[in-house]
Amino acid sequence: MSLDWIYYAISWILLTWHSAWDAIGVPVNAVIGTNFAWILAIVFLVVTVRVILFPVFVKQIKSQRAMQALQPKVKELQEKHKGDRETLQKEMMELYRKEKANPLMGCLPMFLQIPVFLGLFHVLRRLDPAKQSKTLYGWTADQFESASQAKLFTAPIAGKFGSTADELARLGANGTTVKVIAGILVLVMIATTYLTSRQMILKTGWAEDPQQRMIQRLMLYGIPASLLISGAIFPIGVIIYWVTNNLFTLGQQQWVLRKFPPPVTAKKAATPAARNPVQPAKAGGLFGRGKSAPQAPVKATAPKVAGPKPGAKPVNPKKSRPAKRQG
């Protein structure tokens, strides 16, 4: 009962968008096996939530920038307290407190979206024609019936990969179709979840702080792997929400990272310097030839010069003597 306010809020946003698309004239009946008014309602539920959470996303980026700026100091602490994990953690927490940086801020937008996800999961899971209470959370009986019949390529948005035969019969769905559509969406959900984390890590780099690095690994590998199992219990409508949210995140992160590129840390600044000695050696053709060309001939000609000299002394006199006799 304590989460009812979330269910009411999610239902209100979903129904408002559905009514808006219905008023605009988006087909209510299925076109190519899809009820676009309900699909667009789920998509714009994502847009609504992301607009509300945009200030939090900005704070997340600022926190990540602060964490990056602290990487040299974190590295110093790791070198200083090598082998003393307890002291290291204490010193790093003090550093974060002093610099007002929070390593957990990177996960805040995701945590704030968990109630939305759970709310939508609960609301769509209720779309069973056998339910008696169809008017909960502000729904009308007509809206409930319409949503329970809504489909994506003939697969009901309330159906899931693990739906039982009885559930599919009540939804009027084909089991094979539901499994194919749900399976494809789960794979897309896993891939886009992985890409959103990878995009951020590639731009900002791996953290030096073990705690922050562990969070990065969890985001990059742990969450996508868990979706392979949990995706079987998600209604198709929930997976549509998740995939749309991931695509929104990819676009938003790309825009922010281009407009506000990560600061150059000491480690990154040292990288080009480390490459410079290698680059002249590999691309040294243009700049290195002037230096290496004299060295190569010196080493190569030294034996050649030394070789002819001993051979030239006995040869030249013989050639010169006949010249004298002819004279």
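In which helix does I229 lie? I229 lies in helix α10, where helices (H or I, at least four residues) and strands (E, at least two) are DSSP runs, numbered from the N terminus. This is a predicted model, in which local features need pLDDT of at least 70 and side-chain atom pairs count only at pLDDT 80 or more, while totals for chains, interfaces and linings use all residues. Residues are numbered from 1 along each chain as its sequence is written, and side-chain values use heavy atoms, with hydrogens and water left out.

At 68% relative accessibility, I229 counts as exposed; the term exposed stands for over 50% relative accessible area, buried for under 20%, and partly exposed for values in between (1.4 Å probe, protein chains only). The C-alpha atoms of I229 and V186 are separated by 9.5 Å, although these residues are 43 residues apart along the chain.

A pair of aromatic rings is described by the distance of the centres and the angle of the planes. Rings of Phe, Tyr and Trp (its six-membered ring) pair if their centres lie within 6.5 Å, and planes under 30 degrees apart count as stacked, over 60 as edge-to-face and the rest as tilted. By this rule the count comes to twelve aromatic pairs. In one of them, the rings of Y194 and Y221 have centres 6.5 Å apart and planes at 40°, so this pair is tilted. The pair links distant parts of the chain, since Y194 belongs to helix α9 (residues 175-204) and Y221 to helix α10 (residues 210-230), 27 residues apart. Y194 is partly exposed, with a relative accessible area of 29%, and Y221 is also partly exposed, with 45%. Elsewhere, F117, F121, F234 and W242 form one aromatic cluster.

Rings can also have a charge over them, which is counted if NZ of Lys or CZ of Arg is within 6 Å of the ring centre and within 35 degrees of the ring normal. The table lists two such cases.

| Charged residue | Ring | Distance from ring centre |
|---|---|---|
| K179 | F161 | 5.6 Å |
| R217 | W206 | 5.0 Å |

On the surface, V31, I32 and F153 form a nonpolar patch with about 290 Å² of accessible area together. Patches are made of residues with over 30% relative accessible area and no salt bridge, with like charges joined within 9 Å and nonpolar side chains (Val, Leu, Ile, Met, Phe, Trp, Tyr) within 5 Å. A salt bridge is a side-chain nitrogen of Lys or Arg within 4 Å of a carboxyl oxygen of Asp or Glu, and accessible areas come from the Shrake-Rupley method with a 1.4 Å probe. I32 is found in the loop between α1 (4-24) and α2 (36-52), is exposed at 62%, and has a phi near 45°, a positive value in a residue other than glycine. F153, which lies in the loop between β1 (151-152) and β2 (155-156), is partly exposed at 43% relative accessibility and has a positive phi of about 50° although it is not a glycine.

Finally, helix α11 (residues 236-259) has 24 residues and reaches 35 Å from its first C-alpha to its last, close to the 34 Å expected at 1.5 Å a residue, where the expected span is 1.5 Å times one less than the number of residues. Of these 24 residues, 17 are buried, so α11 is largely enclosed by the rest of the structure.
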